[in-house]
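Please have the view open as you read.

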Amino acid sequence: MAEITKTAEWRALENHFKDIKNSHMRDLFMSDPERFDKNHLQLNDFLFDFSKNRITDETKKLLIALAEKAGLQDWRGRLFSGEKINFTENRAALHIALRNRANKPIKVDGEDVMPLVNHELSKIRKLSEEIRSGVWKGFSGKKIKSIVNIGIGGSDLGPSMVCDALRPFGSEDISPYFVSNVDAADLSQTLEKCDPETTLFIVASKTFSTQETMTNAFSARDWFIKKAKNNEFIKNHFVAISSNEKAAEDFGIHAENVFVLWDWVGGRYSMWSSIGLSIAIFIGMENFEQILEGGYEADNHFISAPLEENIPVMMALIGIWYINFFNFSTFAVLPYDHCLAKLPSYLQQADMESNGKFIGRDNKKVCQKTGPILWGEAGTNGQHAFYQLLHQGTQITPCDFIMPLHSNYKLADDKNDHHKILQANFIAQTQSLMIGKSISDVENEMKNEIMDNPSLKNLVSHRIFEGNRPSNSILFESLSPKSLGRLIAIYEHKIFTQGIIWNINSFDQWGVEYGKQIAKLVLPKLESKQHSETFDSSTNNLINYINNNT
């Protein structure tokens, strides 16, 4: 395919941008009473309102044409067929097989992977039910009360985010903990809350060699053995999620307690796999399967809905519009549900690790900006932190506001309706970002103040809001396992769509590995306190300073 920026479709968008770049959404709403009707989509109870964006009917038409030019429909099929679209690692990207609830055959190298998937799901069901029921016991005969998942990246962020989000569905008898940072504080603070007799460790590493994960795993094993006094008891307290069964067995984990993680499952897409074991233990297998059902529902929508009616496609195209034409470099995810506080961090990895690339599928440097800097915070906390910049900053940040219609929590003697207050703020932020506040609005607002004190007229300019700041609004019935699965899968497909248009491989992550390679060269010098002259002057002096002062 020719460079996307040299196509007629891209040039048409550039010309269209010149025509509407100064248009204000306030005027677009005033001129079209049906703007919301034309610019929202629904998937069952999931509402995606994209009317508060700097787009017109023509914008949508041109963006759809760009997606078609990029071959999106073909690439969707290739993703779902098991083709090795992750060409730099010669792998398929088949996280969709993990939630294939219809159980239709999906093949990799001619082999249907669904029997493998179903086998692992059966193993997850068996172990999770044994732990939840108390059949599985620790070395002293006590039930398991603490689950410590040791992983990093996708082996940590997914299950950690989901267990927090679905805490109302979790067991009252089991506490999940997540250790990822190689900083000793992370593991130490977790172990302080645990009893070796009632703790199960899940070591999640595809290769069983990830430095951070295995450092924490060996320290956790030492902590456990110090109490248990017998290596044989490791079988009662450690399970592994890995493709390296031998390394897990060498660690002391029995073969039947090793769960498979295939090479066609990327880390940031792995919560649907056996990496979700901690989720299944905490919320139960039936609820874990509801997460899969939600993802499967989003998959069916993505593969079958026309592009103009396709939620992840439209999310992606609006993002392309802002990143590549308006030159907006950041994007905020703002969940108005405290249980979704970790969602921005989860999506940060999913998006920035997938599309933070400057080399295209044609092995040439890309000719346009790729993935945005993604960040965010749960509402209303963020309103008292960075919303000042969202409203009046010189950099414009498109936002996704996310909220369930109903909360999973209600205070027993609640005289104040917390959720209605939250909803009011959710709506108010999207409206105020869009409409802004003009100088005449401020003068009318301050009229009485200025009459009493004319010098206050100098403050008028400080209270002006330009508005015209874009946002999407996402609403759904409640935060349930199924709605969460659907939400995550929709964002996955949005990220994939943008990667196709940018002509990059969204499924490798070589940038994750490079720093680790350098760390392996630095570590021996720190361990031996060896004077360093190997690197540049800054790196050498940092090494030497640490060695001289520790």
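Two strands are said to pair when DSSP finds at least two bridges between them. With that in mind, look in this predicted model for an open sheet of 5 strands, which follow the order β6-β5-β7-β8-β9 with parallel pairing. At its edges sit β6 (175-179) and β9 (258-259), each of which pairs on one side only. You can follow one of these pairings in detail: strand β5 (residues 146-150) runs parallel to β6, and 5 bridges join the two.

Next, turn to strand β10, which covers residues 330-335. How many of its residues are buried? The count is 6 of 6, so to speak a mostly covered strand, where buried means under 20% relative accessible area. In a regular strand, side chains alternate between the two faces of the sheet. In β10, both faces are covered: Thr-330, Ala-332 and Leu-334 are buried on one side, and Phe-331, Val-333 and Pro-335 are buried on the other. Strand β10 also has a parallel neighbour, β11 (residues 373-376), to which 4 bridges join it. Here Thr-330 stands opposite Ile-373 of β11.

For a helical stop, go to α21, which spans residues 481-502 and contains Ser-483. Is Ser-483 buried or exposed? Ser-483 has a relative accessible area of 2%, so it counts as buried. Leaving aside residues up to four places away in sequence, Ser-483 touches Phe-476 and Ser-478.

Now step back to the whole protein chain, which has 23 helices and 13 strands. Its radius of gyration is 26 Å, close to the 24 Å that the globule rule gives for 550 residues, so the chain is as compact as a globular protein of that length. Along its principal axes, the C-alpha trace spans about 80 × 60 × 60 Å. Of the 550 residues, 53% count as buried. Among contacts between residues at least 6 apart in sequence, 74% join residues at least 24 apart.

The accessible surface of the protein chain comes to about 24700 Å², and 50% of it belongs to carbon and sulfur atoms.

Conventions: Residues numbered from 1 in each chain as written. Predicted model: local features only at pLDDT ≥ 70, side-chain atom pairs only at ≥ 80, totals over all residues. Heavy atoms only, no water. Rg over C-alpha atoms; globule rule 2.2 N^0.38 Å. Buried < 20%, exposed > 50% of the residue type's maximum accessible area, 1.4 Å probe, protein only. Contact = heavy atoms within 4.5 Å. Areas by Shrake-Rupley, 256 points an atom, 1.4 Å probe, with all protein chains shown as cover.
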